[in-house]
Amino acid sequence: MNTPYTYPSADKVFTIPEVAAYLKISKSKIYYLVSQKQIPHLKLGRNVRIRESDLQKWLELQTEKMPTHFQKFHTE
């Protein structure tokens with residue numbers, strides 16, 4: 001008896017327009033980031049898709065950290 005394949009996680013997959021809307025930037029900017037391999041993506045033939053988990057990790061890497069000498073003012 002064959003058991004159906006189950007995905008390891010329920011990771012959503014976004015299209016370019018969905019990512020653009022989510023990040024509130026243009027579709028052309030997302031296509032540029034994909035063409036420069038600056039954002040993780042999947043190529044399915046001519047279609048480009050971006051996993052939600054990859055997008056979240058990429059966003060965390062894009063977050064600028066506050067310089068150490070300014071952090072002391074925000075802890076008081």
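Predicted model: local features only at pLDDT ≥ 70, side-chain atom pairs only at ≥ 80, totals over all residues.
Mentor: Residues are numbered from 1 along each chain as its sequence is written, and side-chain values use heavy atoms, with hydrogens and water left out.

Trainee: How are the rings of F14 and Y22 arranged: stacked, edge-to-face or tilted?

Mentor: Rings of Phe, Tyr and Trp (its six-membered ring) pair if their centres lie within 6.5 Å; planes under 30 degrees apart count as stacked, over 60 as edge-to-face and the rest as tilted. The search of the whole structure finds 1 aromatic pair. The centres of F14 and Y22 are 6.2 Å apart and their planes meet at 20°, so the pair is stacked.

Trainee: Is F14 buried or exposed?

Mentor: Buried means under 20% relative accessible area, exposed over 50%, and partly exposed in between (1.4 Å probe, protein chains only). Y22 has 43% relative accessibility and counts as partly exposed. F14 has a relative accessible area of 9%, so F14 is buried.

Trainee: Where on helix α1 do its buried residues lie?

Mentor: Helices (H or I, at least four residues) and strands (E, at least two) are DSSP runs, numbered from the N terminus. In α1 (residues 16-23), the buried residues are I16, V19 and A20. Seen down the axis, they fall within an arc of 100° (taken from the directions from the helix axis to the C-beta atoms), so they line one face of the helix.

Trainee: Which residue forms a salt bridge with D54?

Mentor: A salt bridge is a side-chain nitrogen of Lys or Arg within 4 Å of a carboxyl oxygen of Asp or Glu, and the whole structure holds 1. The closest N and O atoms are 3.1 Å apart, and the partner is R51.

Trainee: Which strands stand at the edges of the sheet?

Mentor: Two strands pair if DSSP finds at least two bridges between them. Here 3 strands form an open sheet in the order β1-β3-β2, with antiparallel pairing. Each edge strand has a single partner strand, so one side of each is left without a neighbour in the sheet; these strands are β1 and β2 (42-44).

Trainee: Which residue of β3 stands opposite K43?

Mentor: β2 and β3 pair in the antiparallel sense over 3 bridges. The residue of β3 opposite K43 is V48.
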